[in-house]
Amino acid sequence: MTMRIANHKSLLILVFILASWITFAVIQNSTKLRTVLKLPFSLHHWNFVMKTHPEPALNPAVSPAETELRIKSIMEKLDQLIPPRPFTNVRSTTSATHSRATLLSPRDTYCRGDQLDVLLEVRDHLGRRKEYGGDFLRARMSSPALKAGASGKVTDFNNGTYLVSFTLFWEGQVSLSVLLIHPSEGVSALWRARNQGYDRVIFTGQFNRGTSQVSTDCALVLNSSAELCEYLDTRDREAFYCLKPPNIPCAALTHMHSKNKDVSYLSKQERSLFERSNVGVEMMAKFDAITVSKCNSEKTVPVKRQCKFGMASTIPSGHVWKDTWNPVSCSLAAIEMKECLRGKFIYLLGDSTIRQWMEYFKSRINTLKSVDLHESGKFQKQLAVDLNKNINIQWQKHGYPLIGSLTYSVKEIEYLARVIDRIGGERNTIIVISLGQHFRPFPIDVFIRRALNIHDALQRLLLRSPDTVVIIKEENIREMNADVERFSDFHGYIQYLALKDIFQDLNVGIIDAWDITIAYGTNNVHPPQSVVRNQINILLNFIC
């Protein structure tokens, strides 16, 4: 009996040792396993664990040390997505002309609702196959005559091949496009250069001195031995600096403007990758348009639910048809704007792309009356009210950095986290936040810190007023020929990914302006009114 018990114990010990060894081996070889299976892991696919109705943390207080760890964690994720790709000759970088696109399973007839796949094999300027991925690509299908468009889904296999998938949402003549925005070598160079310096944009602050003004240099970081004015948010650790004018207090700062500085952190060879002729080059120029038919007329099209707050998004998230946005996972109802906004208090917080919403509301609701808040300039705070319908809409700019060649007032400038902390919130309070464009010229940690501080402020708001509706409007694409080192859409796309990661645990709605503007093909920092109208229609469906 004793011998049997001893054998049993020995067997249990052996099983435990074997299980521990297997666990250790799996952990050690998880990276190798991914490589063997060639699972896609790239900047085109940063996978998020999305929660439809997340529970807010019971204790949202975050220490400065914790914030630094969160910033570091996100930075490490991004660094994994964008490995260094040094090159000695431009001819070894990705060439759109020499790359090959192959239509998989070509057919004589394509049907609405089908998926069309294209295999893309990228090559360098000498025609050699690339052995790694990381190119910044943009896939789009369109029918200009139908005012129709949609983005395509790009899967990077990190071995020089990509799968580009298009969902054929509509009937008719459809053109397919894959643009090489930047080669992987250019992406790597932009990422390194972005995080090297804060001085691509310089700010000039104006200080009041009686009846005159004195101007000095200002920046997020000032390398100077002179006395500085520090404008510091001690809780959120965000700061802005100005050279202190002699005999004038720092509190006398009243206005600001900015201009681009003639500085670059790219080498001459790297800069050649961003000449206009090398940005946004078509990789499917030899492909003719395809014809998409209805095909099975008896097939029942499933009825989609009306779009509501908290629904999960897809890739692509929808398509444009007859200049109207149509989400994949739900349907947008036509909602009477004025009646929907009755009794609502709407805060539009952020950059000029959300100010476009303010201007649209004022143009479409003729009973909205602007309130003079005694500010001037393009960045002035705006307030419009309809006393009969009890509608209150206001726009407020975000804090530094705020890029603008025209002088704007900073007398009441503040960070959005502080604005959110003052909002009481309830079910008729709507907050829409948009930021990104003004952060592109600066190291990514500036944007990440700002987004985390806003996240924490929203977390506090949703604890005290869980019925408050919060919407994050992602940033949109812009002009391809804009100053690439400062304003490339690659910078915007990285911020787009970071924002999704940061806000995934909050019960907030997302308006995917990135995907919408790709579908519309609007390469403009300020999209046309048709895009703004459709974005606002998503908002109305969320709240009514």
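Pro316 lies in the loop between strand E15 (290–293) and strand E16 (318–321). Strands here are DSSP runs of E with at least two residues, helices are runs of H or I with at least four, and both are numbered from the N terminus. The bond from Ile315 to Pro316 is a cis peptide bond, with omega near -5°.

This is a predicted model: local features need pLDDT of at least 70, side-chain atom pairs count only at pLDDT 80 or more, and totals for chains, interfaces and linings use all residues. Residues are numbered from 1 along each chain as its sequence is written, and side-chain values use heavy atoms, with hydrogens and water left out.

A cis bond also joins Tyr400 and Pro401, with omega about 0°. Pro401 sits in the loop between strand E21 (391–397) and E22. Most peptide bonds are trans, and most residues other than glycine have a negative phi.

Ser105 and Asn247 have positive phi values. Buried means under 20% relative accessible area, exposed means over 50%, and partly exposed lies in between (1.4 Å probe, protein chains only).

Now the aromatic rings. Rings of Phe, Tyr and Trp (its six-membered ring) pair if their centres lie within 6.5 Å; planes under 30 degrees apart count as stacked, over 60 as edge-to-face and the rest as tilted. By this rule there are 12 aromatic pairs. One of them is Phe379 with Tyr408, edge-to-face, at 5.0 Å centre to centre and 90° between the planes. Phe379 is in the loop between strand E19 (369–370) and strand E20 (382–386), while Tyr408 is in strand E22 (residues 408–409), 29 residues apart. Both Phe379 and Tyr408 are buried.

Tyr493 and Trp514 make a tilted pair, 5.8 Å centre to centre with 45° between the planes. Tyr493 belongs to helix H10 (residues 489–503) and Trp514 to helix H11 (residues 513–520), so this pair ties together parts 21 residues apart in sequence. Tyr493 is buried at 10% relative accessible area. Trp514 is buried too, at 4%. What cluster do Phe136, Phe490, Tyr493, Tyr496 and Trp514 form? They form one aromatic cluster.

The rule asks for NZ of Lys or CZ of Arg within 6 Å of the ring centre and within 35 degrees of the ring normal. The charged end of Arg85 sits over the ring of Tyr132, 4.0 Å from its centre. The charged end of Arg355 sits over the ring of Trp395, 5.5 Å from its centre.
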